[in-house]
Amino acid sequence: MEHVPVNRGFLRNSWYVAAFDSEVGGEPLARMFLNEPVVLYRDKAGAAVALEDRCCHRQLPLSQGKVIGDILQCGYHGLEFDRSGDCVRVPGQAQIPPGSRVRSYPVAEKWNWVWIWMGDPARADESLIPDWHWAGDDGWRTVKGNGGKPLPVACNYQLVSDNLLDISHLTYVHASSIGNDAIMDFPIKTERLNSMIKMTRMVMDRPAAPFWGWAGKFTGNVDRWMETTCEMPAFVVNDAGSVDLGTDMRPGHRDHGVEMRVLNAPTPETDTTCHYFYAHARNFGLNDPEIENAFLTKFSDVFLEDKFVLEGQQRMMSLTADEAGIDINSDAPSLAARNMLREL
């Protein structure tokens with residue numbers, strides 16, 4: 001079995017999002033995942049490939065080379081590697097030295113993303129990729145976050161999942177868009193369901209948040225739901241929306257309102273940085289250019305507001321690593337998720 005580096009800071013035997021599908025093509029794409037350099041490209045059949053981004057000869061990043069058909073050629077001395085990571089040609093000599101290979105990572109494509117498995121290749125099971133079917137369902141439209149590229153955030157990836165499980169911050173960080181004071185009037189419910197944590201907050205008979213009021217054209221108070229699930233290590237779905245007061249809020253029965261699923265997949269880059277992949281799936285205004293533009297622009301601002309907070313957190317945590325903190329009631333879902341991840 002090929003060597004798998006040990007890093008106790010990450011859950012290695014898991015899928016992570018490596019790129020939006022449209023990012024990976026015939027040119028090498030360099031990324032760092034879990035403190036490991038990786039190069040992504042597509043072979044001549046269009047299949048995604050992920051290799052260790054390091055030539056085994058003189059350590060030049062293979063991402064500084066070029067793709068030739070199915071082969072990735074090093075840009076220093078021209079050594080050529082196939083999708084398995086084996087060196088298949090050394091220019092100027094017939095014999096390929098023993099051990100001439102780099103690590104190859106299992107990849108899969110689903111939900112408009114290329115996924116990578118950073119742990120034991122024998123355990124890479126595509127059925128373990130989260131079931132985010134809204135990204136492909138009829139009657140739903142998906143908008144890729146941040147223009148189809150990951151949002152770089154200078155924080156540990158777990159801070160992103162903490163943020164997503166903490167709905168109370170909407171009141172203060174996102175007051176002009178998806179937050180309002182009414183959120184704090186209602187308690188949260190935290191559940192542990194097999195391999196996931198679920199947070200629920202129902203906000204009943206209150207004014208709509210600015211975005212929801214505009215999108216749903218509500219004229220009075222609404223009933224609002226916010227349900228967030230977190231699968232390990234940090235695959236978070238925000239099920240959110242509002243309906244006319246007193247109407248059905250059950251999934252599949254929300255005809256008197258608007259709903260969306262925010263699909264979040266922060267991938268660790270290093271211990272203190274991450275690639276934040278996200279997308280919005282909605283079942284309203286599918287052909288409305290104004291609604292589409294709102295998801296392309298207004299929600300970019302929402303995520304930049306979170307980025308500002310998360311990076312501020314990480315700076316202070318790095319500077320004051322020995323300082324003790326406190327927990328409050330709204331931390332219950334994120335604490336449960338961290339406990340589950342720690343067990344794994």
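User: What stands opposite V107 in β10?

Analyst: Happy to start there: I116 is the residue facing V107 in β10. This is a predicted model, where local features need pLDDT of at least 70, side-chain atom pairs count only at pLDDT 80 or more, and totals for chains, interfaces and linings use all residues. Residues are numbered from 1 along each chain as its sequence is written, and side-chain values use heavy atoms, leaving out hydrogens and water.

User: What makes β9 and β10 a pair?

Analyst: Pairing requires that DSSP finds at least two bridges between two strands, strands being DSSP runs of E with at least two residues, numbered from the N terminus. Four bridges join β9 to β10 (residues 113-117), so they pair, and they run antiparallel.

User: Why are β1 and β9 called edge strands?

Analyst: The open sheet has the order β1-β10-β9, and β1 (15-20) and β9 (107-110) each pair on one side only.

User: Why is the pair of F211 and W212 called edge-to-face?

Analyst: Rings of Phe, Tyr and Trp (its six-membered ring) pair if their centres lie within 6.5 Å; planes under 30 degrees apart are stacked, over 60 edge-to-face, the rest tilted. The F211 and W212 centres are 5.2 Å apart with planes at 70°, so this pair is edge-to-face.

User: How do you know that F211 is buried?

Analyst: Buried means under 20% relative accessible area, exposed over 50%, and partly exposed in between (1.4 Å probe, protein chains only). F211 has 5%, so it is buried; W212, at 1%, is buried too.
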